[in-house]
Amino acid sequence: MPIPNLINIKYQWENQGFCIFPNFLEPKKLEKLQLICDDIFQQWLAASPNIEEAANTTNMAYLTEHNYFYKNSSWLIELLEFIAERKIIEILEFISGEKILFHNTQYFFNPADKSWKGIWHRDTQFLAPEAELEKQRIKYNTGVHFRVAFLADDYLEYVPGSEKRWDTLEELSIRKSENGKLNTDDNMPGKQKIFLNQGDALLFHAWGIHRGVYDVNKPRRTLDFIYAWGNHCDYYVPLITCFGQLDLLEKLSPNAREFFSYFIQTYQKYW
């Protein structure tokens with residue numbers, strides 16, 4: 001698929017904090033990526049100390065761990081090439097005006113045997129429980145999710161525009177509720193359910209207010225990449241995963257090699 005109109009994308013981004021890209025991947029590429037991710041998911045599930053608990057979480061992370069690719073080393077290269085896909089990076093560079101930094105991967109799946117509602121949150125809140133620290137982190141850098149739906153996906157709800165401002169009193173009372181119920185309330189003002197068809201992609205601001213609603217009756221397989229710009233995330237350093245392999249970069253295309261070299265140079269002092 002050619003890169004969509006970047007001016008329109010930036011307008012959507014600045015006005016609502018998310019953009020949908022219909023039919024982002026052709027069927028053959030989509031099928032191959034799902035094959036790779038499902039294989040990783042099954043390995044992760046089998047290795048989990050509590051398989052039942054793992055099967056009912058929201059997602060798994062760090063798909064680029066080298067141990068997932070002993071039998072199919074070429075699959076790691078395919079996954080890395082897609083993470084560094086030029087049409088994705090060009091979109092992010094255009095809307096940010098900055099150099100893009102990789103952070104992590106996630107794979108979202110439907111719960112195995114129980115439905116539940118996730119909490120309303122900004123990703124910043126998990127490492128900044130105090131409001132003033134969270135406000136600082138929001139300004140410190142920008143985190144975004146870019147995800148591709150292997151199956152139709154309507155699990156995500158987002159509050160458009162919330163990424164540009166702090167919470168209203170009502171939003172804050174829901175997001176920071178301590179009673180265990182209010183922060184999963186359906187009455188978040190201004191919420192919008194996001195619908196993705198198979199093969200669609202979504203970009204959304206990780207600092208915006210959002211949640212997932214997890215339904216055991218709706219199959220889900222959605223690949224999610226986390227990117228960032230601005231200051232690097234020195235308060236939550238990503239794991240080294242496969243990037244400890246000295247010859248890995250030589251196996252990548254020039255664009256992917258440059259992209260991941262920047263990631264390695266940024267974080268290698270922490271590893």
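Visitor: How many salt bridges does the structure hold?
Guide: The structure, which is a predicted model, holds 18 salt bridges.

Visitor: Okay, which residue does Asp 38 pair with?
Guide: Asp 38 meets Arg 221 through their side chains, with 3.2 Å from N to O. The two belong to distant parts of the chain, since Asp 38 sits in helix α2 (residues 27-47) while Arg 221 sits in strand β10 (residues 221-230), and they are 183 residues apart.

Visitor: And is Arg 221 buried or exposed?
Guide: Arg 221 is buried, because its relative accessible area is 18% and the cut-off for buried is under 20%.

Visitor: Which residue forms a salt bridge with Arg 147?
Guide: That is Asp 224, and the closest N and O atoms of the pair are 2.8 Å apart. Arg 147 lies in strand β5 (residues 141-149) and Asp 224 in strand β10, so the pair ties together parts that are 77 residues apart in sequence. Both Arg 147 and Asp 224 are buried.

Visitor: New topic: what about Asp 186, where is it?
Guide: Asp 186 is in the loop between α7 (169-175) and β7 (192-193), and the residue it is paired with, Arg 211, is in strand β9 (residues 210-214), 25 residues apart. The closest N and O atoms of this salt bridge are 2.6 Å apart. Asp 186 is partly exposed at 34% relative accessible area, whereas Arg 211 counts as buried at 1%.

Visitor: Which residues are linked with those two in a network?
Guide: Lys 117, Glu 157 and Lys 193 are linked with Asp 186 and Arg 211 in a network of salt bridges.

How values were computed
Residues are numbered from 1 along each chain as its sequence is written. This is a predicted model: local features need pLDDT of at least 70, side-chain atom pairs count only at pLDDT 80 or more; totals for chains, interfaces and linings use all residues. Side-chain values use heavy atoms; hydrogens and water are left out. A salt bridge is a side-chain nitrogen of Lys or Arg within 4 Å of a carboxyl oxygen of Asp or Glu. Helices (H or I, at least four residues) and strands (E, at least two) are DSSP runs, numbered from the N terminus. Buried means under 20% relative accessible area, exposed over 50%, partly exposed in between (1.4 Å probe, protein chains only).
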